[in-house]
Amino acid sequence: MNVLGFDTSTTGTSVCALRADGTASEVAPERAGPDRRPRHAQELLPAIERTRAEAGLEWPDVDAIAVGRGPGTFTGLRIGIATARALAHARAIPLRPVVSLAALAAGLDARLALALTDARRGQVYAALYEHGRERWAPFAATPEDLVERLRTLDAAPVAVGDGSLRCRDLLEEAGVPVAPDQSELHVVRALHICKLASAVPPTSPEAIVPLYLRAPDAKPAR
Amino acid sequence: MILGIETSCDDTCAAAVDLDGRVLSNVVASQGLLHERYGGVVPEIASRRHLEAVDAVVSDALERADASLSAVETVAVTSGPGLIGALLVGLSSAKALAAAQGLPLVAVDHLHGHVTASMLGEAPIEPPYVCLVASGGHTFVARVDERASYATLGRTLDDAAGEAFDKGARLLGLGYPGGPALDRLAREGDPEVFGFPRPLPGDGLDFSFSGLKTSLLYRVRDLGEAAARARADLAASYQAAVVDVLVARALSALEQQRLTSLAVGGGVAANSRLRARLAEACADRGIDLWIPDMALCTDNAAMIAGAARFLDPLPYPDYLALDATARP
Ligand SMILES: [Zn+2]
């Protein structure tokens, strides 16, 4: 299966074309940066067309489109999902949604992987995976509440993601190691979105919406 | 055939227009009541709803035009101004639809869409003309010499006319969106009872409605309990003031520019008093008046696809990195 996958759940844009033979063409931000200004609208489609060309895939060769459905930045997720749905619609390609935190955890070689991304407003998005299987479904929490919950675990996980950089001290105090700041493990890579997609059944494009985990801020616009 | 997509505010819109300006379909999924309890459009709620609706609205527009995606020659999309998160849903969708087929894409200025809405249909307006656009989001007068552009002559310095109606309606205890309710109530009242100001700021053709809203607020407060009984007269008098300002600016623009054609756009074109006063004033002065169907006045994608006919399309892949712009 040739898969075209992308993720826009963090401030970075990750895109990958993964061929059935295992060769991958990938565009990913060098490192995670919660302070980076998101440029998903400008970055996503050029990267899609570049990786597709590098992988030598014409549209009819693409067997599946995989998209990160979050949790993450609302606007970023909508850009990614609107793009995925329109491409799938226009080319009649099956669409497979992947939880972005699962893709983040998939980069880590550890029994317990704690995926954390910056949720702003003093919170992180978190999910826990054991050998790749979801143990804690994605949720939003303050670092303090997260550490509280970590105490219920029988063993310490390893933490990755720009969210783990935000609360490194708290995590390390609680005995949870965090990969070095510059590590590329903190980036949600589309390569893992593509790989995880094979385990996800194709979903009706119109049924795919972001994993928001939060109600909208309901302040009147004007 | 041009496929248009518009998601700049709270309506998810798609339309198919042919190169002669015939509207083959014009679909709008309105979010009006969704925002009712907030008294205005909530950007995040609007953006979420756009994403949920956009694919279905596009499919519906194609189906009603009796066409498939393969019949689309050009994709047109609103790139601004508007709510940035809302714009990005339509823009992302449009770019991907175009890229997947290698089609050209036209990025359309939402206001240019309103200005050229009268160029759609059987009897399109011919430039040069003056256009008055009044809606909940914008109020301005423009001069149109060429189909591809317009020159703004004056714009609101604060509230839009539709916003003035909505806020006035709220002060009178009517629901949101209040424009239509205010219009209905005003029909039962006497516009001469209360004297509201007719603000005409500066030497040019700008508008200002916030002071007018404040004077309504004071009137309601001064009247106290009597305000309830005077509601219809208040609505009629207030509406008359807003309409007089719009008509005055449109007529000044025509006179100043020495033009004899006037087009109207924006949701406020639904206001019955505005329509009547403009018709009267234009008949008196020998001015040709164009008010397109309401479906083309309120936010819609047919006007976006229509405007795209006059603009240079970006060939594939020149638009892949195109971004939305919130401000004009
Ligand atoms: Zn508008």
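This is a predicted model: local features need pLDDT of at least 70, side-chain atom pairs count only at pLDDT 80 or more; totals for chains, interfaces and linings use all residues.

Is Arg198(B) buried, partly exposed or exposed? At 34% relative accessibility, Arg198(B) counts as partly exposed; buried means under 20% relative accessible area, exposed over 50%, and partly exposed in between, with a 1.4 Å probe and protein chains only.

Residues are numbered from 1 along each chain as its sequence is written, chains are lettered from A and ligands numbered from 1 in the order in which they are written, and side-chain values use heavy atoms, with hydrogens and water left out.

I turn to the salt bridges. Over all chains, the structure holds 26 of them, a salt bridge being a side-chain nitrogen of Lys or Arg within 4 Å of a carboxyl oxygen of Asp or Glu. Arg198(B) forms one with Asp244(B), at 3.0 Å from N to O. Asp244(B) lies in helix α8 (residues 231-257) of chain B and Arg198(B) in the loop between α5 (179-186) and α6 (210-223) of chain B, so the pair ties together parts 46 residues apart in sequence. Helices (H or I, at least four residues) and strands (E, at least two) are DSSP runs, numbered from the N terminus. Asp244(B) has a relative accessibility of 23% and counts as partly exposed. Elsewhere, salt bridges that share partners join Arg111(A), Glu130(A), Arg135(A) and Asp154(A) into one network.

Next, the metal site. Which residues coordinate the zinc ion? The donors are His110(B), His114(B) and His138(B), each through NE2, and Asp299(B) through OD, at 2.1 to 2.4 Å. Donors are N, O and S atoms within 2.8 Å of the metal (3.2 Å for Na, K and Ca); water is not among the atoms, so sites may look incomplete. The arrangement is irregular because the four donor atoms subtend angles of 88 to 163° around the zinc ion. Four donors count as tetrahedral if all angles lie between 85 and 135 degrees; four count as square planar and six as octahedral if opposite donors are over 155 degrees apart and all others between 65 and 115; anything else is irregular. His110(B) counts as buried, at 0% relative accessibility, as does His138(B), at 16%.

Finally, the nonpolar cores, which are sets of buried Ala, Val, Leu, Ile, Met, Phe, Trp, Tyr and Cys residues joined through side-chain atoms within 4.5 Å. The largest has 90 residues, and those touching the most other members include Phe6(A), Ile48(A) and Val72(B). Helix α2 (residues 84-101) of chain B contributes the largest share of this core, 10 residues. Apart from it lies another core, of 49 residues, among them Leu132(B) and Val243(B).
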